[in-house]
Structures are given as structure tokens and as C-alpha cells.
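The points below follow the chains in turn and then the contact between them.

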Amino acid sequence: MRDRQAARDARRAREFEAFVAGAAGRLLHAAMLLTAEAPDAGPRARRLLTLALAHTYARWDRLRGEDPYDCARQYLATRFARTTWHRYGAFGRARPDPRSPLAALAPRERLVLVLRLYEGVAEEQTAALLGLPAERVHTICDRATATVLHPDRPAAPRPVNPGTALS
Amino acid sequence: MNRGEREAAVRRLLEQGVAPVPPELHGDAVRRGDRLLRQRRLVRRVLWLLACAAVVAFAVWAADAHPWVEPPSQTTPPLTGW
């Protein structure tokens, strides 16, 4: 019994190390895009990623064929959505760094854009993950794409945008 | 510029400037993950212990009180001087 536990721990440690070596770079970049911090220092992104990886580590034995990368990404996205909601309008909310490519976007637009375009998650899955209708995800993604590509254009098609109050 | 081209442009923009992964990330994640596992194990054990205690308490009470036996009737007057 104790032997089996030890063997399982050792296997988990080995597999998890390989997973982190392979996936941490991409996940860290995704987290940096989400938090829109300066590229050289991203304490929030690092913290977010550490939490997501720890959650994946704790679930490792019960994944049952599920992709650990999916698990980590899902946790990252939902955690980011939750924390930005809690920090809405509060002190201590990090301002986006102008060097980040997504600094002009609201947190939810960043989240949708990163999931849809950087991670390549399908529209329906993104919608299910964020609890939004798929059409809404489509609209947010289009609007965010336009804002990123043409940041100087006046924000005419964004009449009711929580981001203007947020950023 | 159609939708596909716009998305490709944004994708290229997003791929730029990849930061190096801090070396202590793996250790931190493992430490936190281990703590999560230990906490969950503890919670599970406590809940099992509570469930077992509840079962034992119910068994003792039932053995003592016999809740399945019909209580003696209290409406019939006692038969005396018969």
C-alpha cells in the first residue's frame, strides 16, 4: 500500500515536471497577455500560473485521460475572470502596462481574445467556459480584434463598454 | 481585410515577446499542489470520521430506544378490580 503510494507520487512528480517543462512557457505568455503586465516582470501572471499549475498537480491522479494543459488553461481562465470581477473598481487593481499588446482592452476582451486567437479554443467552448452566449463571444472577439489592430480609431462601435470604466 | 486576415494579424501580434519562464515556478507549483492535496485528504478524512461517528451514534440510540416498537397505549384505562 505504502509502496504503491510512493510509486504513484514518484510517477506524478516525473510526469508533472515534464508537463511544466513543455507547457509553462506558453501558459506564462497567455497569463501575461491576460494580465497585460510589462513583459519583463509579471507578478500577477506568475501568481496566476503558479495557482493553475498547482491545481493541475493536485488533480493529476484524477485526470483520467483528460489533457492536463486543458485543465491548467481552464483554471487560468476562470480564475482570471473571477479575480478581475472581485477587483472591479477596487484599490490595488493593476493598471495595464502600455507595452503589452492588449493594454487597450478590457479584461473580458483580453480573456476572449487570448482564448480564441492565442489558444485557439473554439467559440462554443469559450462561451461555455465563460458562461456567455456564443454570439456574444463572437461580438467581443470581433470588437477586440478591431481595437487591437486599429488602436487610434475612435471607439465608435463600443457604445456600452465596461472596459472604458475599467481601464 | 477579411476576418481571417484580421485574426491572423492579431495572432502574429500575440505571439511576440515571449518571456522566459522563471526557474522557481515548478518548485512553487509542486509545493502549492502538495499542500492542496494534503488539505483535501485531511478534509476527506474528517468527513469520513464524522459520518462514521454519526452511524455509531444512531446505532447506539436505536438499540437503546427501540424506535420501531409501538409505544404502549395510553388511552385505555387500566383494568383494576376485575
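1. *The annotated segment.* Over residues 102–144 of chain A the chain is 72% helix and 0% strand, with the end C-alpha atoms 9 Å apart; helices here are DSSP runs of H or I of at least four residues, strands are runs of E of at least two, and both are numbered from the N terminus. For these residues UniProt lists "domain: RNA polymerase sigma-70 region", in an unreviewed entry; the positions are given in the numbering used here, feature names are shortened, and such annotations may be inferred rather than shown by experiment.

2. *Basis of the note.* This is a predicted model, in which local features need pLDDT of at least 70, side-chain atom pairs count only at pLDDT 80 or more, and totals for chains, interfaces and linings use all residues. Residues are numbered from 1 along each chain as its sequence is written, while chains are lettered from A and ligands numbered from 1 in the order in which they are written.

3. *Confidence.* The mean pLDDT of chain A is 84, and 84% of its residues reach 70 or more, pLDDT being the predictor's confidence in each residue, from 0 to 100. Over residues 158–167 of chain A, however, the pLDDT is below 50, and this stretch has 10 contacts in the model beyond near neighbours in sequence; two residues are in contact if their C-beta atoms, placed from the backbone, lie within 7 Å. Where pLDDT is low, the predicted coordinates should not be read in detail.

4. Of the contacts in chain A with a separation of 6 or more, 63% are accounted for by residues 24 or more positions apart. Buried residues make up 35% of the 167 residues in chain A; a residue is buried if 20 or more other C-beta atoms lie within 10 Å of its own, exposed if 12 or fewer, and partly exposed in between, with C-beta atoms placed from the backbone.

5. *Core.* The largest nonpolar core has 40 residues, and those with the most contacts inside it are A:L27, A:A31, A:L49 and A:L76; such a core is a set of buried Ala, Val, Leu, Ile, Met, Phe, Trp, Tyr and Cys residues joined through C-beta atoms within 7 Å. At least two residues of this core are supplied by each of α1, α2, α3, α4 and α6 of chain A, and the largest share, nine residues, comes from α1(A). Not counting residues up to four places away in sequence, A:A31 touches A:A45, A:L48, A:L49 and A:L76.

6. *A:L34.* This residue lies in helix α1 of chain A and is buried, with 28 other C-beta atoms within 10 Å. Leaving aside neighbours within four places in sequence, A:L34 is in contact with A:F80, A:R110, A:L111 and A:V114. A:L34 and A:R110 are 76 residues apart in sequence, yet 5.7 Å apart in space, C-alpha to C-alpha.

7. *Backbone points to check.* Most residues other than glycine have a negative phi, and most peptide bonds are trans. A:A36, in the loop between α1 and α2 of chain A, is not a glycine but has a positive phi of about 55°, and A:A36 is buried, with 24 other C-beta atoms within 10 Å. A:R64, in the loop between α2 and α3 (68–86) of chain A, has a positive phi near 50°, but A:R64 counts as exposed, with 6 C-beta neighbours inside 10 Å.

8. *Chain B.* Chain B has two helices and zero strands, and 4% of its 82 residues count as buried. Its radius of gyration is 35 Å, whereas a compact globule of 82 residues would have one near 12 Å; the radius is taken over C-alpha atoms, and the globule rule is 2.2 Å times the number of residues to the power 0.38. The C-alpha atoms of chain B fill a box of roughly 110 × 40 × 10 Å along the principal axes. B:T75, in the segment after α2 (25–65) of chain B, is exposed, with 4 other C-beta atoms within 10 Å, and its C-alpha atom is separated by 38 Å from that of B:A53, 22 residues away along the chain.

9. *Contact between the chains.* The contact takes 24 residues from chain A and 22 residues from chain B. On the side of chain A that touches chain B, the elements giving two or more residues are α1 (2–35), α2 (43–59), α4 (107–118) and α6 (134–149) of chain A, and the largest share, nine residues, comes from α1(A). The residues of this side divide into 17 nonpolar, five polar and two charged, where Ala, Val, Leu, Ile, Met, Phe, Trp, Tyr, Cys and Pro count as nonpolar, Asp, Glu, Lys and Arg as charged, and the others, Gly among them, as polar.
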